[in-house]
Amino acid sequence: METVVTFGEIMGRLASPANLRLRQTREFEVTYAGAEASVAASICNFGGAARYVTALPKHALAESTVDSVRAVGIDTQFILRTNEGRLGLYFLETGANQRPSNVIYDRADSAVAITPAEAYDWDAIFDGAQWLHLSGITPALSKTAADATLVAAQKAKTAGCRVSIDLNFRGKLWKWDSSKTARELAQETMRTILPFIDVVIANEEDCHDVLGISAGQTDVHSGALDTARYPDVARQVVEQFPNIGKVAITLRESLSASHNNWGAMLYDAAADSVSFAPLDTDGNYQSYEIKNIVDRVGGGDSFAGGLIFALITPELSEPQTAVKYAVAASCLKHSIKGDFNYSTRSEVEALMGGSASGRVVR
C-alpha cells in the first residue's frame with residue numbers, strides 16, 4: 001500500500017447551525033478541517049494510508065484537532081507541536097437557494113504560518129512515502145508557509161515521490177505582500193512550486209486566477225461551463241510546465257447554493273488523452289445533478305483524495321476509471337456534514353455502478 005503525505009494547515013471550523021446567518025448565531029458547531037487534512041481523511045476512509053504534516057500549538061484545542069485526524073486512521077507522528085503560533089479558525093455560514101455560503105478566516109500568525117521549513121524533518125517524513133499532496137492555500141498564508149511548501153515539494157521529489165497540488169486560489173488569503181494584488185502574488189509564488197509537480201488539480205476559476213488561462217465562454221457565476229474548452233486549458237498548463245503529467249479540472253455548475261451540477265475532466269499528457277466523468281449511457285459527459293446539498297465545503301478536497309487514491313490503486317488507475325472514481329467520491333461528499341468525506345470505497349463504487357437512488361441499504 002502506497003503512503004500519501006499531505007502538508008498544510010488544519011483549523012477549527014466554527015459553523016452556524018443549519019442555515020443560520022453568522023449574525024443570527026449564538027452558538028457554533030465545532031469541527032476541525034483543512035484542505036490537506038481532508039485529502040488524507042478521504043484516502044484513509046477508502047482504505048489507503050496517509051500521513052499528515054502540520055504545525056500546531058501546545059494546548060487542549062490542538063489536542064482535539066489531532067484526535068479528529070487520528071480518528072480516521074491518519075498517521076500523525078510528524079505533526080509538530082510548537083511554543084509559538086496559534087490554532088487558525090474559520091467561520092462558516094452555509095447558504096441556501098440563491099444565498100451563497102460565506103467564510104470568514106481568522107488565521108493570522110497560526111503555527112503553520114510562522115513555522116519555517118527547516119523545523120520539519122523532511123527525510124523522516126518521506127521515508128517510505130510515495131506521494132505528496134499540497135494545496136495553494138498553505139502558501140497563501142505567509143512567506144514562511146510558502147517557502148515551506150516549496151521545500152516540501154523539492155524534498156519529496158528528491159525522495160522519489162510523485163507530487164500533486166490543488167491550485168485552490170483563495171483571494172482572501174493572499175495578503176502577505178502588500179505591493180502585489182492577490183492574483184499577482186499567487187501567480188508569482190505558485191510558479192516557483194509548479195516545476196516540482198506531477199499532477200495539478202484545479203477548478204474552472206483556479207487556472208485563470210493562478211495561471212492566467214481561461215476556458216472560453218465559461219461563466220462560473222451563471223452556472224454555464226464551456227466544457228469543450230477544458231482540454232485546451234489542460235494542454236496550456238502542460239505547455240507552461242512540461243513536468244506535469246496529469247491535469248484534473250473539476251466542473252461545478254452552481255445553479256444555486258443548494259443545487260449544483262458536478263463532474264470533472266482528467267488530461268493525461270503522455271497520451272494526450274482526455275477523460276470526462278460521469279458519462280451517460282452513450283458515453284457523453286453528463287454531470288451529477290446534486291440537489292439539496294448538505295455541505296459543499298470540502299467537495300474539491302474529496303475529489304483530490306479520490307483521484308490520488310484511484311491513481312495509486314492498480315485496478316482504479318486507468319484515467320477514465322480514476323476520474324470516474326474521484327467524481328463519484330466527491331459527489332457523495334456533498335451529502336456529508338463537515339469537511340471530511342466519510343464515504344467508503346464500496347459506497348463510491350456503488351455510485352460509479354449507477355446506484356444513485358439513495359434507497360435504504362438493508
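**The cysteines and their surroundings**

Author: This is a predicted model. The count of disulfides comes to zero. Take Cys 44 to begin with. The closest cysteine sulfur to that of Cys 44 is in Cys 161, 16 Å away, which is too far for a bond. A disulfide needs the two sulfur atoms within 2.5 Å. Seen from Cys 161, the closest cysteine sulfur is in Cys 44, again at 16 Å and too far for a bond. Cys 44 has 11% relative accessibility, so Cys 44 counts as buried. Cys 161 has 3%, so Cys 161 counts as buried too.

Phe 126 belongs to the largest nonpolar core, which has 61 residues. Phe 126 is among those with the most contacts inside this core, as are Phe 7, Leu 132, Ile 165, Leu 167 and Leu 194. Helix α6, residues 143-158, supplies the largest share of this core, six residues. In soluble globular proteins, nonpolar side chains tend to be buried together.

Helix α11 (residues 319-333) packs against helix α12 (residues 345-352) at about 110 degrees, with their axes 9 Å apart. That angle makes α11 roughly perpendicular to α12. Cys 331 of α11 takes part in the contact, and Met 352 is one of the residues from α12. The contact residues divide into eight nonpolar, one polar and four charged.

Note on methods: Residues are numbered from 1 along each chain as its sequence is written. This is a predicted model: local features need pLDDT of at least 70, side-chain atom pairs count only at pLDDT 80 or more; totals for chains, interfaces and linings use all residues. Side-chain values use heavy atoms; hydrogens and water are left out. A nonpolar core is a set of buried Ala, Val, Leu, Ile, Met, Phe, Trp, Tyr and Cys residues joined through side-chain atoms within 4.5 Å. Buried means under 20% relative accessible area, exposed over 50%, partly exposed in between (1.4 Å probe, protein chains only). Helices (H or I, at least four residues) and strands (E, at least two) are DSSP runs, numbered from the N terminus. Axes are lines fitted to C-alpha atoms, for helices over the stretch in contact, and angles run from 0 to 180 degrees between N-to-C directions. Angles under 35 degrees count as roughly parallel, over 145 as roughly antiparallel, 65 to 115 as roughly perpendicular and the rest as oblique. Contact means heavy atoms within 4.5 Å. Ala, Val, Leu, Ile, Met, Phe, Trp, Tyr, Cys and Pro count as nonpolar, Asp, Glu, Lys and Arg as charged, and the others, Gly among them, as polar.
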